[in-house]
Amino acid sequence: MTTTTVRDASSVLHLTAEQLTPRDAVFVYDEFERHPSNIVAAYVFAGAAEPEGRSVSRAQVRAWMRERLGYASLFHRRLERVPGDVDLPYWVPDPGFDIDHHVTIEERASWSWNEVRGRLAEIAAARMDLTRPPWELHLFDGVREFPGTADPVTIVVLKFHHSVGDGVATRELERKLFGTAASHPPLPTTDRRWSQPGALVRAAAVTPYRFTRFVSGVARTRAAARTVAAKAAENLLREPIPLRPATRFNRRIGATPVFDLVTLPLAQVRAAKAASAEHITVNDLLLTVVSGALSAYLAEQDETPSASLGAMVPISMRGLAQWNSANQLCQMSVDLHTDLGDPLERLYAIRNSAREEKQRWADPAVIARESRMQTSPAWLLRLAGWARAQRVFDEVDAVPLSNTTVSNVPPVADRLEFLGAPVISVFGVLPIMDGDGLRHLITSQGDQVVIAVSSDAGMLPDPARYGELLLRSFRELSERLAPQR
C-alpha cells in the first residue's frame, strides 16, 4: 500500500504522480472477471453504531471518513495506464474525487449475520473501478447473531486494490483509521502534473535503459537459477513439489461465492502449541488444522486425492529483500501432508515443510532468481497476465504447487474503535479465483483466532460442514498433543 507516515496532525501528504513497480503492476495486469485483485478487511465493533436502535447516518460515516483522508495517498489517486501498455501504469491525483463513490451504507432495517456473510462474499468478488481511487468503505449496522455476541454489532469493511499494498500494509493503515487519536492530518496538497503524452515521451526516453536492465536481469536470474539448482542437488535447500493432484477446489469458479468464519479460543490455541514436545509455531498448528479439515471433507465426498495436497502460504519479504514495491510478499508452497492420518505426525511433517520453505525464501540465490519480475517490461507482464487468464482448469488432473491458500496476517496490537465503539473482532475475506477456490485467511484479535473461509457454492455447497471439520481437526490435534504436556 502506498502510504506516507503521519507523525502528527500537522504532517501533510503531498500527492504526485507515481509509477507502479512491476511487482505492484502485476496485480493490475493479472486481473480478470474470475481473478479479482482485492484485499478486504472487516472490523466488528461492539453494539450498534448509534444507541437506542437508531441507525448510523450516511452523513456521520462520510464525516468520519473525511477526517481521515489525509492518512494515505491511496484515498486520492486513481490508475492511469500508458497507451498500449508500453510502460508501467501510474497512480495520479484524481481531480474528480467524490467520497460518495467510495463510502456505502449497506442500508436495511436490520441484518442477520448470514445475510452479511453473503454480502461480504459479493464485495470481495467484485472487481474495483480503477478509474477512481481504489478503495471502498462499507458499513453494516445492527448486525444480529454475529458469532460469540448476544447484542447487535457494527461491521465496517475496508476494501482496496491489491496493487496498492499487501495484508501487512493493511495493519499499518487500520491503526490510523480506527485509532484513538484526537486529531487527524489535513487533506493532502496535490501536484497534478501528469499527462498521457508526457508519459509516452518518458516511456520512449527510458526504453533503452529498461531494455538493458531487462537483459541484465535475465542474465542475473538465470545465474541465480543455476546456483539454486546446485544447492538443491547438494540438499542445501529443498524445492517444493511442482505438481499436486487437482481437487474440486482447483476448477473454474462459478458466480456464487460463499464465506464463513470459524473461531478458536486463543487460549486453547496457545495451550496446544505449548503442549508440543517439539518446537512448533502457531502457523504450523493452524496449517495442520486446515490440512485435517480439507482431507476429511474430500474423504466425505469420496474424493480423496492420490497424493498429498499443498498450500500457498504468503510470506513477507520485509527484512529479507530490498524491494521498493508496495507489495512485499512471496508465495511459499507448503506440503500439507494430507496423506498422513495421524494428526501429530502430520503436524511435525508440516512444521518441517514450512521450515524448509522459509529457509528457501531466505536464500539470496532464491530471492535473486525470483526477482526477474522486477526488471520485466510492462508488455511482458501484460502478456503473462493474458496467458494466465487463458488457463482452463475444468479437466486438469494436476495443478502447480498448491491446492488452497492459507494466509496468516499479524494481529492488531493497538486499540481500535469506530464512533466510540471498541473493536471485538477483525477478519479478512479473500476473493477466490480460477484454480484456487478454497482460501483461508487467519487473523487474531483479543482472545480469538478467526479462520475466514472463502469458496464457491458449487465447490463448497455446505460451508457450515467444512467449519465443523475445522473445529474437529483442531480438537483432534489438541487431544493428541495433550499427553505431551
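Biologist: How far apart are the C-alpha centres of domain 1 and domain 2?
Modeller: In this predicted model, the C-alpha centres of the two domains lie 26 Å apart. The contact takes 30 residues from domain 1 and 29 residues from domain 2.

Biologist: And which residues belong to which domain?
Modeller: Domain 1 covers 14–182 + 192–203, and domain 2 covers 211–408 + 437–481.

Biologist: Which residues line the largest one?
Modeller: Among them are Ala121, Ala124 and Ala125, then Pro257, Val258 and Phe259. The lining of the largest cavity also includes Val429, Leu430, Pro431 and Ile432, along with Ser454 and Ser455. The elements that give two or more residues to this lining are α3 (113–125), β12 (257–265) and β20 (448–456).

Biologist: How does that lining split into nonpolar, polar and charged residues?
Modeller: The lining of the largest cavity has ten nonpolar residues, two polar ones and no charged ones.

Biologist: Where does the largest cavity lie relative to the domains?
Modeller: The largest cavity lies between domain 1 and domain 2, because both domains give residues to its lining.

Biologist: Switching to pockets. How much space lies in the second largest pocket?
Modeller: The second largest pocket holds about 540 Å³ of space. Its lining has 26 residues, and Pro22, Leu88, Arg210, Arg213 and Ser376 lie nearest the centre of the pocket.

Biologist: Which element gives the most to that lining?
Modeller: That's α5, with nine residues. At least two lining residues come from each of α1 (22–29), α5 (196–233) and α10 (378–389).

Biologist: You mentioned α10. Which helix is Arg388 in, by the way?
Modeller: Arg388 is in helix α10. With a relative accessible area of 40%, Arg388 is partly exposed. Val61 is 327 residues away from Arg388 along the chain, and their C-alpha atoms are separated by 39 Å.

Biologist: Now helix α6. Which of its residues are buried?
Modeller: Helix α6 runs over residues 266–275, and its buried residues are Leu266, Val269, Ala272 and Ala275.

Biologist: What do the buried residues of α6 pack against?
Modeller: They pack against β12, α7 (282–300), β20 and α11 (463–481).

Biologist: Tell me about Leu266. Why does it count as buried?
Modeller: Leu266 has a relative accessible area of 13%, and buried means under 20%.

Biologist: Which residues does Leu266 touch?
Modeller: Leaving out residues up to four places away in sequence, Leu266 touches Gly446, Asp447, Gln448 and Val449.

Biologist: Is Glu145 buried or exposed?
Modeller: Glu145 counts as exposed, at 52% relative accessibility.

Biologist: And what about phi of Leu419?
Modeller: Leu419 has a positive phi too, near 50°. Leu419 sits in the loop between β17 (417–418) and β18 (421–429), and it is partly exposed, with a relative accessible area of 35%.

Biologist: Last bit, the whole chain. How many helices and strands?
Modeller: The protein chain has eleven helices and 20 strands. Its C-alpha atoms fill a box of roughly 65 × 65 × 40 Å along the principal axes.

Biologist: What radius of gyration does the chain have?
Modeller: The protein chain has 23 Å, which agrees with the value near 23 Å for a compact globule with 485 residues. Buried residues make up 54% of the 485 residues.

Biologist: And what share of contacts join residues at least 24 apart?
Modeller: Among contacts between residues at least 6 apart in sequence, 79% join residues at least 24 apart.

Key. Residues are numbered from 1 along each chain as its sequence is written. This is a predicted model: local features need pLDDT of at least 70, side-chain atom pairs count only at pLDDT 80 or more; totals for chains, interfaces and linings use all residues. Side-chain values use heavy atoms; hydrogens and water are left out. On a 1 Å grid over the protein atoms alone, a cavity is a set of points where a 1.4 Å probe fits but cannot get out, and a pocket is an open set with protein on both sides within 12 Å along at least five of seven lines; lining residues have an atom within 4 Å of a point. Helices (H or I, at least four residues) and strands (E, at least two) are DSSP runs, numbered from the N terminus. Ala, Val, Leu, Ile, Met, Phe, Trp, Tyr, Cys and Pro count as nonpolar, Asp, Glu, Lys and Arg as charged, and the others, Gly among them, as polar. Domain bounds come from an automatic or database domain assignment. The radius of gyration is taken over C-alpha atoms; the globule rule is 2.2 Å times the number of residues to the power 0.38. Buried means under 20% relative accessible area, exposed over 50%, partly exposed in between (1.4 Å probe, protein chains only). Contact means heavy atoms within 4.5 Å. Grid points are joined across faces, edges and corners, and a volume is the space filled by probe spheres set on the points.
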